[in-house]
Each structure stands twice: as C-alpha cells, then as structure tokens.
Amino acid sequence: MEQQVFKKPTLQESTAANKLAWEAVVVHHKKSQSERISQRILEKRFTDFLDDDSLLELQRIDVKGKRIIQLCCNNGRETLAILAMGASRAVGVDLTEGFILQGKEIAFEANLPLELICSSVYDLPESLNNSFDLVYISIGALGWLQDLNRFFAICRNLLVDGGKMVINEQHPICAVLFDEDKSVEYAPVIQGSYFTEEPYFGADSLDYYVGTEYNAPEYHWYHHRLDQIITSALVAGFAIETFRESPQDIANSFEHYASLPCKLPLSYLLTLNC
Ligand SMILES: C[S@@+](CC[C@H](N)C(=O)[O-])C[C@H]1O[C@@H](n2cnc3c(N)ncnc32)[C@H](O)[C@@H]1O
C-alpha cells in the first residue's frame, strides 16, 4: 500500500483557506456584536473595546500623538479605541473583507478617521514601511500566521527606529489544554504535544463570541511555542521591553481554568522595541 506523505500547506494555501473560513463567520459576529459595539460608540466608551492588560500597557507606552498599526485587527474596534486614546494615525489590517467592511461602518458611526486595509499581513505594500511608532496585535492573531520569522520581519519594517510592538495573546500552553469538563474541581488534562510542528486543520465554529454553529470551511492554525515567538522577534531585530505571563483568560474560553486555585499561564503580554 502506498504510504501517505504529509505535505505542509504553503503560506498562500493556508492564507486562502483562512480567508474563506473567516469570511464565513462575519455574519455571525455581526449578529451577536453589532448592538453592543454601537452602544459603546454612542456612549463614547471606546476603551471598553480593549481588555485590561492591553489598556494598561497602551497607557504606559502613551499612544498620544503616535502612529499605530494593528495587524489581524478583525473589525478594527480595538484600533478605533487606540485612535480615541489620542493616536495621530491608526491603521487596521485584516485579511477578511467582511470584517473590514464592518470596521468601516463602525468608524463612520464613531465619526473617527480610522484607516482600514484588507490584506494579508504577508502582502502589505512596502510603502507602509517605516511609517509607524507602534505595531499592536491582540488575542488570536499569531496562530493564523504560518511564518513567524517573516511576520516579525514585516512588523520591524513597518516601524521607525525606536518604535515598539505590543502583543497581548493567548498563552500557547492553551493549545494543549483539554477543556471538556468545565467544573472548577476539574484538573486540566494535557492533550497533544506542546512541541508539535504540525498545523491544525479545524472545521469547527470560529464564532468566538457565542459559538454559533454553521457550515464552517476548514481553517489552518499554527501552534507557535513561546520560545519560537520570542526567538523570531529577536531575530527580526527587536529587544524585549516587558514580558508578563498572566492567569487571565483573555480568550473567553478558559474561564474555568482561570478560577482554579492552581493557576496556569493563560495569556501573556510582550512589549518589544527596536
Ligand atoms: C481571532 S480574530 C481576532 C482578533 C482580534 N484580536 C479580535 O479580538 O477581534 C483573528 C483575525 O485575524 C485575521 N487574519 C487571519 N489571517 C490573517 C492574515 N494572514 N493577515 C491579516 N489578518 C489575518 C482574521 O480575519 C481575523 O479577523
């Protein structure tokens, strides 16, 4: 019998698959979130779009007067929050047309000059290089990006010398936590290898707000270990400014671990400079 050889998808194949997978969730995200987003805009509660760790770090860095770019920004609501905090220029980049269109509606509603670009981070025009003081990425971005070294090199190129990059992400250990039983007494079970180099092909719901079930196209997700993330950043020419692991569940999917007496690192905040 012929042996099946696993062929890793190319970056283009993974990006194309992920675009289809994310376009399919736009309508569901809008359905559950639009009203809440409009309410916050109406009440000018823009910083509510940022979680506490991001907000504190962005306040510490002081974004006032800075040119910022958020990669994998989804509908740009966090980018909008940073603009409302006083950034002089705020650009959001996302692969998914539906999210970018929603972001444009949100910016119109808020009457703020948010710039949005529909593009893969790997295809950004070189004209954006050397144009920003801060690159920001938040929860659920890195796993869609197959090539970390290339990603961090792109981020470095977007920044002027002295610029910073803030990453507020889910901790990679979460990829191997098995969370069927959500009772507080439950001890977490490890499933899968933290050291896997294989992509994960999923076809479950990407609606991380309310978990709507729909006919979901297959997505490609890449597990990156913390040492790989940090090494790629250093190789691209960044230095570490602050690095904090946190038991906070910023992914909205591990609340039960966050409430265990024995804490696990569920998220981290990494600020780089160059
Ligand atoms: C988990 S979402 C979220 C991010 C954001 N932190 C939020 O809370 O809304 C991941 C986003 O990454 C985008 N994405 C995936 N691959 C991308 C790529 N290659 N370039 C740019 N955006 C990408 C998806 O379209 C999606 O909006």
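**Reading the fold**

Modeller: Gladly! The chain has 8 helices and 11 strands, where helices (H or I, at least four residues) and strands (E, at least two) are DSSP runs numbered from the N terminus. The radius of gyration, taken over C-alpha atoms (globule rule: 2.2 Å times the number of residues to the power 0.38), is 18 Å, close to the 19 Å that the rule gives for 274 residues, so the chain is as compact as a globular protein of that length. This is a predicted model: local features need pLDDT of at least 70, side-chain atom pairs count only at pLDDT 80 or more, and totals for chains, interfaces and linings use all residues. Residues are numbered from 1 along each chain as its sequence is written.

Biologist: Which residues have the most contacts inside the largest nonpolar core?

Modeller: In soluble globular proteins, nonpolar side chains tend to be buried together. A core here joins buried Ala, Val, Leu, Ile, Met, Phe, Trp, Tyr and Cys residues through C-beta atoms within 7 Å; buried means 20 or more other C-beta atoms within 10 Å of a residue's own, with C-beta atoms placed from the backbone. The largest core has 60 residues, and those with the most contacts inside it include Ile68, Leu80 and Val135. Beyond neighbours within four places in sequence, Val135 is in contact (C-beta atoms within 7 Å) with residues including Ile69, Cys155 and Met165.

Biologist: How many residues surround the ligand?

Modeller: 19, with C-beta atoms within 6 Å; Cys72, Asn74, Leu95, Gly140 and Trp144 are the closest. The largest share, 3 residues, comes from H1.

Note on methods: Buried ≥ 20, exposed ≤ 12 C-beta atoms within 10 Å, placed from the backbone. Contact = placed C-beta atoms within 7 Å.
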